[in-house]
Amino acid sequence: MAPLLEINNLKTYIRQRQSEVHAVDGVSLSIEAGETLGLVGESGCGKTMTGMSIMHLLPNGGYIAAGSIRLGDRELVGLGEKEMRHVRGNDVAVIFQDPMTSLNPTMQVGDQIAESVRIHRHASKRDALQRAEEVLGLVGMPRPKERLKDYPHQLSGGLRQRVMIAMALSCEPKLLIADEPTTALDVTIQLQILELLYELKQRLHMAVLLITHDMGVIAGRADRVMVMYAGKIVESASTVDLFENMRHPYTEALLASIPRLDQRSDAVLYSIPGLPPDLSHPPAWCRFQPRCRYATTRCHEEEPLLTGSSDHQYACFNPVANSVSRVGSVR
Amino acid sequence: MVKEFTVTAGAVLPHKIGSIKAVSDVSFSVGQGETFGLVGESGCGKTTIGRLIVGLEKTTSGEIEFDGTDISKLRGAQLRRRRRDLQLMFQDPYASLNPRMRVGSIIREPLLVQKIGSKAEQQARVQQLLQEVGLSPKSTDLYPHEFSGGQRQRIGLARALALNPKLIVADEPVSALDVSIRSQILNLMNSLQERHGLTYLVISHDLSVVKYLSDRIGVMYLGKLVEFAPSSVLYERPAHPYTQGLIDAIPEPNPTRERSKTADPIRGELPSALHPPSGCRFRTRCPRAQEICAAVEPPLVSFGPRHLAACHFPLQTPEPAAAATA
């Protein structure tokens with residue numbers, strides 16, 4: 001079966017006054033229907049830009065420099081604004097991190113959800129509101145009918161995020177991009193929202209691109225994971241395989257630097273020296289090499305490409321040995 | 001213990017349509033050189049406690065004893081002198097540094113306010129502080145925007161250390177930072193504590209961060225302390241259903257364990273602090289709640305050495321000796 005979404009060698013750059021930021025620099029990925037792909041990395045690694053490139057929602061100066069994004073049998077790169085408007089909300093929907101700033105504070109939530117149904121499905125106002133009530137019920141909003149007339153400020157963070165999800169699902173998209181969907185929420189609410197997303201994905205057979213910085217969120221919810229660093233994919237594997245047999249030093253360092261509940265608290269945490277690189281002047285060759293403790297001369301003479309088997313790829317000349325116990329022993 | 005801080009506060013923040021008890025009858029003590037962690041969801045009152053301790057808010061009733069004196073009653077010059085010992089480390093390294101001041105002046109400001117040392121001495125102290133937190137001595141002439149989030153948090157820490165405080169209240173010290181930077185700051189906080197014998201009050205919503213830093217942890221829910229215990233005990237044998245729910249809700253970077261979790265998650269949302277539920281405040285979301293929970297507020301009961309929890313149907317068996325104080 002052909003994948004639902006296939007991105008090939010995507011390059012998204014952002015023009016600035018004096019330089020050009022290579023936010024996404026040659027990313028390839030694919031997602032099948034009903035699959036959750038986790039995209040994990042630190043801020044500024046290009047994970048959000050990858051998601052926003054699919055939607056053509058780039059910041060000022062941002063443009064897709066090269067590559068292709070295929071949704072089903074349709075090429076999205078080069079598509080005009082008018083056609084993109086049909087794709088957005090209809091085929092692909094997005095949930096943002098902060099539900100307060102991404103909802104319109106002057107509109108009742110029912111009208112906001114109904115809006116996209118009216119535009120994409122050409123439904124009457126009454127039918128659209130009917131649909132809004134239906135999806136609010138679907139996302140577990142208590143008393144959906146009464147909530148239709150609420151304004152966003154009357155809802156808590158968790159309920160607002162449910163409204164965002166309802167809005168995203170109102171036109172039954174094939175692909176849902178969830179960009180840090182739970183980062184602004186409390187842990188108990190985070191768990192509820194993540195469970196809801198998982199359940200809806202199963203029920204509606206949607207593909208989900210889950211973008212997050214939180215390895216814990218990825219661990220529970222994604223089928224496959226891609227780790228991004230400085231605009232490039234550095235490792236890609238099934239979730240269990242990634243956590244048990246990580247090969248890229250960045251993945252290993254990232255996991256070792258998280259304080260864990262089952263860890264003794266007198267242990268010193270591993271910390272990655274230095275800072276992520278400036279993407280307008282990324283380091284030549286391996287981009288993690290200045291912060292990597294396994295770096296050799298080859299790492300700044302040649303660029304490591306993704307290698308390994310088709311289900312577990314990594315871009316490193318000195319991959320971490322295949323063993324689980326290493327994580328704990330990193331110092 | 002040489003020093004003890006006792007907080008008994010009932011802070012009523014004035015509000016147009018009523019009053020919110022942000023912190024309601026909370027008592028705990030922190031020993032010198034110890035790290036006490038306060039954990040809870042947003043709106044549970046943990047930040048208010050931090051602000052009460054450093055004197056940014058006034059208590060409605062109750063006292064905060066620091067080093068033998070009740071600091072909640074101090075005013076004017078006495079309060080200003082006391083503030084040398086109590087410093088705050090803020091969550092947001094972007095909002096807590098004045099963007100128009102050079103880093104040197106930011107770190108020097110507490111020394112100026114407290115009129116400590118000559119200009120040369122103050123400048124030497126700034127250099128020494130920069131070195132301690134791992135920043136280059138040249139940083140003094142730069143502005144905050146020239147630094148990354150992690151470096152700014154180091155500047156904040158240097159400013160907090162300038163007056164040689166005894167207690168640092170760290171309110172969400174790493175929440176705004178990236179994972180790879182977080183561990184640098186956590187390790188720095190630990191090493192500074194060892195070097196200077198600092199006492200920390202760490203406030204965070206992130207139980208794994210609090211557990212990593214703290215010796216003892218207090219769990220708050222809607223203005224009440226519902227459980228406190230030494231940090232390993234809290235994680236291994238939590239007595240309060242809320243603590244258990246909080247532990248279960250934390251996504252662990254371990255797919256096998258994450259997927260085998262079967263525990264009943266906490267349902268629903270945090271009730272309004274304006275009208276907290278009667279009896280036990282957690283009962284509306286508690287899987288174990290029964291009739292008595294709505295009628296009677298559970299007292300703090302001992303579950304072992306320095307382990308207290310307030311629940312009618314706890315997950316552990318309480319010690320026979322009934323209600324105790326920490």
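Which residue of β2(A) does A:R15 stand opposite? A:R15 faces A:E20. Notes on the rest follow.

1. Basis. This is a predicted model, in which local features need pLDDT of at least 70, side-chain atom pairs count only at pLDDT 80 or more, and totals for chains, interfaces and linings use all residues. Residues are numbered from 1 along each chain as its sequence is written, while chains are lettered from A and ligands numbered from 1 in the order in which they are written.

2. Antiparallel sheet, chain A. Four strands form an open sheet in the order β2-β1-β4-β5, with antiparallel pairing. Strands (E, at least two residues) and helices (H or I, at least four) are DSSP runs, numbered from the N terminus. The edge strands are β2 (20–31) and β5 (74–75), each pairing on one side only. Two strands pair if DSSP finds at least two bridges between them. Strand β1 (residues 5–15) is joined to β2(A) by 9 bridges. Strands of a sheet pair through backbone hydrogen bonds, either parallel or antiparallel.

3. Helix α1(A). This helix (residues 47–55) lies across β1, β2 and β4 (62–71) of chain A. The angle to β2(A) is about 75 degrees. Axes here are lines fitted to C-alpha atoms, for helices over the stretch in contact, and angles run from 0 to 180 degrees between N-to-C directions. Of the 9 residues of α1(A), 8 are buried, so the helix is largely enclosed by the rest of the structure. Buried means that 20 or more other C-beta atoms, placed from the backbone, lie within 10 Å of the residue's own. Among the buried residues are A:K47, A:M49 and A:I54. Just after α1(A), A:H56 has a positive phi of about 55 degrees.

4. Strand β7(A). All 5 of the 5 residues of this strand (residues 175–179) are buried, so β7(A) is largely enclosed by the rest of the structure. Both faces are covered. A:L175, A:I177 and A:D179 lie on one side, with A:L176 and A:A178 on the other.

5. Parallel neighbours of β7(A). Strand β6 (residues 92–95) of chain A pairs with β7(A) in the parallel sense over 4 bridges. A:V94 stands opposite A:I177. Strand β8 (residues 207–212) of chain A also runs parallel to β7(A), joined by 5 bridges. There, A:L175 stands opposite A:A207. The chain crosses from β7(A) through α8(A) to β8(A) in a right-handed β-α-β crossover. Right-handed means that, with the strands pointing away from the viewer, the path from the first strand over the helix to the second runs clockwise.

6. Chain A against chain B. 36 residues of chain A are in contact with 35 residues of chain B. Contact requires C-beta atoms, placed from the backbone, within 7 Å. On the chain A side, α8 (187–204), α9 (215–221), α10 (239–244) and α11 (249–256) each supply at least two residues. The largest share, 6 residues, comes from α8(A).

7. Domains of chain B. Chain B is divided into domain 1 (6–214) and domain 2 (241–326). The bounds come from an automatic or database domain assignment. Their centres, taken over C-alpha atoms, are separated by 29 Å. 10 residues of domain 1 are in contact with 8 residues of domain 2. On the domain 1 side, β3 (18–26) and α7 (207–213) of chain B each supply at least two residues. β3(B) gives the most, with 3 residues.

How values were computed: Two residues are in contact if their C-beta atoms, placed from the backbone, lie within 7 Å. A residue is buried if 20 or more other C-beta atoms lie within 10 Å of its own, exposed if 12 or fewer, and partly exposed in between; C-beta atoms are placed from the backbone.
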